[in-house]
Amino acid sequence: MRRVVLNRNGQISPKGRETSDLKAGQFKVGEHVMLSITGDCCYHRKAFEEFEVIEVKPCSRFGGGRETVTFQRVPKRPKEGK
């Protein structure tokens with residue numbers, strides 16, 4: 001699973017849903033990634049959490065070549081055998 005680090009100033013951990021403008025062609029709807037947040041409140045990456053890509057839309061703000069990607073947190077699965 002691929003790891004993704006987003007820069008969010010004033011935020012310590014990822015919310016239930018995160019949206020970011022990223023390079024086009026990197027993500028597909030339904031793909032699972034490990035997401036972490038870094039920024040002015042936390043200089044080092046904290047723990048990664050599992051997210052799913054739920055939406056990918058073209059973005060024209062930066063002259064093309066970018067997509068607005070929306071990530072949704074995947075609920076934690078209960079441990080088996082205990």
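Helices (H or I, at least four residues) and strands (E, at least two) are DSSP runs, numbered from the N terminus. On that basis, the elements of this protein chain run β-β-β-β-β from the N terminus on. The count is zero helices and five strands.

This is a predicted model: local features need pLDDT of at least 70, side-chain atom pairs count only at pLDDT 80 or more, and totals for chains, interfaces and linings use all residues. Residues are numbered from 1 along each chain as its sequence is written, and side-chain values use heavy atoms, with hydrogens and water left out.

## Overall figures

Taken along the principal axes, the C-alpha atoms fill a box of roughly 50 × 30 × 20 Å. The protein chain has 82 residues, and 32% of them are buried. Buried means under 20% relative accessible area, exposed over 50%, and partly exposed in between (1.4 Å probe, protein chains only).

The chain exposes about 5,900 Å². Carbon and sulfur atoms supply 49% of that area. Accessible areas come from the Shrake-Rupley method with a 1.4 Å probe; for residues, only the protein chains shown count as cover.

A contact means heavy atoms within 4.5 Å. Of the contacts with a separation of 6 or more, 60% are between residues 24 or more positions apart.

Charge comes next. There are 17 positive and 10 negative side chains. The centres of the two sets lie 4 Å apart. Lys and Arg count as positive and Asp and Glu as negative; His and the chain ends are not counted. Each charge is placed at NZ of Lys, CZ of Arg, CG of Asp or CD of Glu.

## Strand pairing

Two strands pair if DSSP finds at least two bridges between them. Strand 3 and strand 4 run antiparallel and are joined by four bridges. Met-34 has Glu-50 in strand 4 as its bridge partner.

Strand 4 also pairs with strand 5, in the antiparallel sense, over eight bridges. There, Glu-55 stands opposite Thr-70 in strand 5. The hairpin of strand 4 and strand 5 has six residues between the strands. In this hairpin, Gly-63 takes a positive phi near 75°.

## Salt bridges

Side chains of opposite charge can pair when their charged atoms come close. The criterion used here is a side-chain nitrogen of Lys or Arg within 4 Å of a carboxyl oxygen of Asp or Glu. A search of the whole structure finds three such salt bridges.

| Salt bridge | N to O distance |
|---|---|
| Arg-2 and Glu-31 | 2.9 Å |
| Arg-8 and Glu-18 | 3.2 Å |
| Glu-49 and Arg-73 | 1.9 Å |

Take the pair Arg-2 and Glu-31, with a distance of 2.9 Å. Arg-2 lies in strand 1 (residues 2–7) and Glu-31 in the loop between strand 2 (17–23) and strand 3 (32–38), so the pair ties together parts that are 29 residues apart in sequence. Arg-2 counts as partly exposed because its relative accessibility is 32%. Glu-31 is also partly exposed, at 22%.

The salt bridge of Arg-8 and Glu-18 has a distance of 3.2 Å. It links distant parts of the chain: Arg-8 is in the loop between strand 1 and strand 2, and Glu-18 is in strand 2, ten residues apart. Arg-8 has 18% relative accessibility, so it counts as buried. Glu-18 is buried too, at 4%.

In the salt bridge of Glu-49 with Arg-73, the closest N and O atoms are 1.9 Å apart. Glu-49 belongs to strand 4 (residues 49–59) and Arg-73 to strand 5 (residues 66–73), and the two are 24 residues apart. Glu-49 is partly exposed, with 26% relative accessibility. Arg-73 is partly exposed as well, with a relative accessible area of 29%.

## Two residues in context

Ser-20 sits in strand 2. Its relative accessibility is 11%, so Ser-20 counts as buried. Not counting residues up to four places away in sequence, Ser-20 touches Leu-6, Arg-8, Glu-67, Thr-68 and Val-69. Arg-8, one of these, is also the salt-bridge partner of Glu-18.

His-32 is in strand 3. At 28% relative accessibility, it counts as partly exposed. With residues up to four places away in sequence left out, His-32 touches Met-1, Glu-50, Phe-51, Glu-52 and Val-74. His-32 and Val-74 are 42 residues apart in sequence, yet 8.6 Å apart in space, C-alpha to C-alpha.
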